[in-house]
Amino acid sequence: MSRNPELAQDLRRRRFLGVAAGASAAALLGAAAPNASAAQAGAGAAPAGAAQAAHGRGGPVVPPGTLGIQLYSLRDKVSTLGFAPVFEELRRAGYSEVEFAGYTQGGGEITLAQLRRLVRDNGLRAVGSHVGYYADDPGAYTFATQLEKVLDDAEALGLKHIGTASGPFRYGSTVDAWKRAAEEFNTYGAAARARGMKFYQHNHAEEFSFATDQPSVRLYDVLLAETDPDLVHLEMDIYWAFCAQHRFSVRPDGVRAPFDPIDYVLKAPHRYPLFHVKDGDRDLSTRDGYVMTDVGDGDIDYERFIGGVERVSRRDPHHWIAEHDNPGDSFRFANRSATHLKSLRTKPC
């Protein structure tokens with residue numbers, strides 16, 4: 001059984017909290033992004049303190065009420081302080097939403113009813129949660145092994161989205177393997193929809209790699225083609241998508257296969273209710289082409305990306321969720337990221 005090492009490492013980290021955490025862009029965005037490399041490198045984002053002066057006088061790029069944060073980024077504070085002080089800090093920073101990566105804390109157990117009440121009392125909304133896709137242990141907390149329990153918990157928390165950060169690598173990296181995984185995703189999506197929720201999958205870079213048996217086929221395209229768009233939704237991790245653009249723009253047979261992450265969204269904006277907003281310093285000497293940093297300190301042009309998505313898909317609600325896998329200071333990251341994202345402004349027409 002093939003495993004994705006990058007994903008496995010990420011999921012091991014996410015278990016820290018307890019529950020397994022598991023139409024071209026150039027035409028639509030204008031001459032400012034004439035090709036994929038321009039969208040990829042962009043002009044480095046201004047520091048948070050100077051961002052307001054650098055941006056125009058239009059409305060906010062991130063619509064009010066849609067700025068969220070993935071609680072995995074604050075796992076150190078949750079484990080030492082508990083959820084309540086973390087939620088209080090996030091509300092003060094200007095966040096409206098949170099996404100879970102587990103429902104427990106290091107200081108002791110907390111019931112789902114208590115957790116839902118804490119979210120509400122701090123003026124926040126819980127919009128989603130990451131749960132594992134599958135496990136060899138039949139008692140593990142994953143979609144494959146405890147689907148009804150996963151949905152029961154999401155329903156108890158009032159979540160509208162419930163998803164996984166696991167890639168569809170359960171059966172390998174062939175086209176047929178991903179078709180098989182896609183069918184399971186359809187099953188989870190149908191079960192979630194029956195309860196008024198949306199099932200979603202969060203990508204890493206590897207989803208954009210190529211099938212081992214058909215090197216001309218990008219695996220992410222298989223996932224999109226083989227899942228029902230009404231049942232399976234996507235949470236694009238924009239940082240990892242740009243890393244994939246760096247790593248997988250040439251097929252194994254040497255044929256160029258460039259892509260721009262935003263094109264996937266613009267072709268089907270209704271399939272992308274959630275986004276992870278991470279930033280990275282461009283570094284071509286690294287495998288991924290970027291080194292993760294606080295949002296606003298890196299080279300991914302979020303004014304262009306978020307603005308482009310919101311401009312062409314205003315009827316489709318999106319949630320913009322800040323995340324950093326290993327922030328140096330998690331509260332500092334949360335505050336700086338919120339300040340930067342709230343400062344972005346649409347360009348006057």
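Predicted model: local features only at pLDDT ≥ 70, side-chain atom pairs only at ≥ 80, totals over all residues.
Local features were considered only at pLDDT of at least 70 and side-chain atom pairs only at pLDDT 80 or more, whereas totals for chains, interfaces and linings use all residues. Residues are numbered from 1 along each chain as its sequence is written, and side-chain values rest on heavy atoms, with hydrogens and water left out.

Helices and strands are DSSP runs numbered from the N terminus, a helix being H or I over at least four residues and a strand being E over at least two. Strands are taken as paired if DSSP finds at least two bridges between them. Under this rule strand 1 (residues 67-70) is joined to strand 10 (residues 319-322) by 3 bridges, the two running parallel, and Leu67 has Trp320 of strand 10 as its bridge partner. Strand 1 also pairs in the parallel sense with strand 2 (residues 97-100), over 3 bridges, and here Gly68 stands opposite Glu97. In a regular strand the side chains alternate between the two faces of the sheet. Both faces of strand 1 are covered, with Leu67 and Ile69 buried on one side and Gly68 and Gln70 buried on the other; buried denotes under 20% relative accessible area, exposed over 50%, and partly exposed the range in between, for a 1.4 Å probe and protein chains only.

Helix 7 (residues 112-121) has Leu112, Leu115 and Val119 as its buried residues. Seen down the helix axis, these residues fall within an arc of 60 degrees, and they therefore line one face of helix 7; the arc is that of the directions from the helix axis to the C-beta atoms. They pack against helix 6 (83-93), strand 2, strand 3 and helix 8, contact meaning heavy atoms within 4.5 Å. On the face of helix 7 turned away from the buried side are the exposed residues Arg120 and Asp121. Just after helix 7, Gly123 takes a positive phi of about 70 degrees.

Side chains of opposite charge can pair when their charged atoms come close. With a salt bridge defined as a side-chain nitrogen of Lys or Arg within 4 Å of a carboxyl oxygen of Asp or Glu, the count comes to 20 salt bridges. One of these joins Glu97 and Arg125, with the closest N and O atoms 3.2 Å apart, and it links distant parts of the chain, since Glu97 lies in strand 2 and Arg125 in strand 3 (residues 125-129), 28 residues apart. Glu97 counts as buried at 2% relative accessibility, whereas Arg125, at 42%, counts as partly exposed.

A salt bridge between Arg195 and Glu155 has its closest N and O atoms 3.0 Å apart. Arg195 lies in the loop between helix 9 (175-193) and strand 5 (198-202) and Glu155 in helix 8 (residues 147-156), so the pair ties together parts that are 40 residues apart in sequence. Arg195 is partly exposed, with a relative accessible area of 23%, and Glu155 is partly exposed at 39%. In the salt bridge of Glu323 with Lys278, the closest N and O atoms are 3.2 Å apart, and both Glu323 and Lys278 are buried. Salt bridges that share partners also join Glu148, Asp152, Glu155 and Arg195 into one network.

Rings of Phe, Tyr and Trp (its six-membered ring) pair if their centres lie within 6.5 Å, with planes under 30 degrees apart counted as stacked, over 60 as edge-to-face and the rest as tilted; the count comes to 23 aromatic pairs. Tyr133 and Tyr188 form an edge-to-face pair, 6.2 Å centre to centre with 70 degrees between the planes. Because Tyr133 lies in the loop between strand 3 and helix 8 and Tyr188 in helix 9, this pair ties together parts 55 residues apart in sequence.

A charge is said to sit over a ring if NZ of Lys or CZ of Arg is within 6 Å of the ring centre and within 35 degrees of the ring normal. The charged end of Arg75 sits in this way over the ring of Tyr72, 4.0 Å from its centre, and that of Arg180 over the ring of Tyr171, 3.7 Å from its centre.
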